[in-house]
Amino acid sequence: MLQKDIGWNEIEYGNIVTAFQAAYALGLFLCGRIVDVYGARLVLPIALALWSVAAMAHGMVGTVIGFIYARIFLGLGESANFPSAVKVAAEWFPKRERAFATGIFNAGSNVGNIFAPIIIPWIALQWGWREAFVVTGAVGFIWIVFWLFLYGKPEKVKKSQSRRISLD
């Protein structure tokens, strides 16, 4: 669908893929340090907002160059995921359980890779490929709400729970 509507050739498609991979690699390099300085609670929702806007932008572009820019921002936004997940695992799990926690979040990304090829084409066939990108990006914004509402630093959560326990 995309190749037909946007009209890219194999070289242009290679450039699209390379743009994402280069942005993702650069983002991983930068995000690790940024997450160490500012923490996953702040960085992850900002990065996911960038990712969500970039995902939605794919549905609004009609040229190869536009698609390349959308892929660059998607890669930059996506790159904060693993450094943030590692930081959260280090904050929440004792050393002897961190490998297990890392296995869980890595498994989660692979589950996404299993279901996306089923769900995304179905959305594209029902409503169009542009809408598939918009829906995917919108899900990211929903995730941000849950993250901000549910995630806290372990020490703050433990203090809050101990206050509740002492009040009961």
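**Helical architecture, surface patch and salt bridges**

From the N terminus on, the elements of the protein chain follow the order α-α-α-α-α-α-α-α. The chain thus described has eight helices and zero strands, where helices (H or I, at least four residues) and strands (E, at least two) are DSSP runs numbered from the N terminus. The model is predicted, so that local features need pLDDT of at least 70 and side-chain atom pairs count only at pLDDT 80 or more, while totals for chains, interfaces and linings use all residues. Residues are numbered from 1 along each chain as its sequence is written, and side-chain values use heavy atoms, with hydrogens and water left out. Along the principal axes, the C-alpha atoms of the protein chain fill a box of roughly 65 × 35 × 25 Å.

The axes of helix H5 (residues 81–92) and helix H6 (residues 98–127) come within 9 Å and cross at roughly 145°; axes are lines fitted to C-alpha atoms, for helices over the stretch in contact, and angles run from 0 to 180 degrees between N-to-C directions. To this contact (heavy atoms within 4.5 Å), H5 contributes Phe82, Ala85, Val86, Ala89 and Ala90, and H6 contributes Arg98, Ala101, Phe105, Asn106 and Ser109.

A nonpolar surface patch of about 840 Å² is made by Leu26, Phe29, Leu30, Ile34, Val37, Tyr38, Leu42 and Ile46. Patches consist of residues with over 30% relative accessible area and no salt bridge, with like charges joined within 9 Å and nonpolar side chains (Val, Leu, Ile, Met, Phe, Trp, Tyr) within 5 Å; accessible areas come from the Shrake-Rupley method with a 1.4 Å probe, and for residues only the protein chains shown count as cover. The largest share of the patch, six residues, comes from H2, whereas Leu42 lies in helix H3.

The structure holds two salt bridges, each a side-chain nitrogen of Lys or Arg within 4 Å of a carboxyl oxygen of Asp or Glu. Asp36 of helix H2 and Lys87 of helix H5, 51 residues apart, link distant parts of the chain, and the closest N and O atoms of this salt bridge are 3.4 Å apart.
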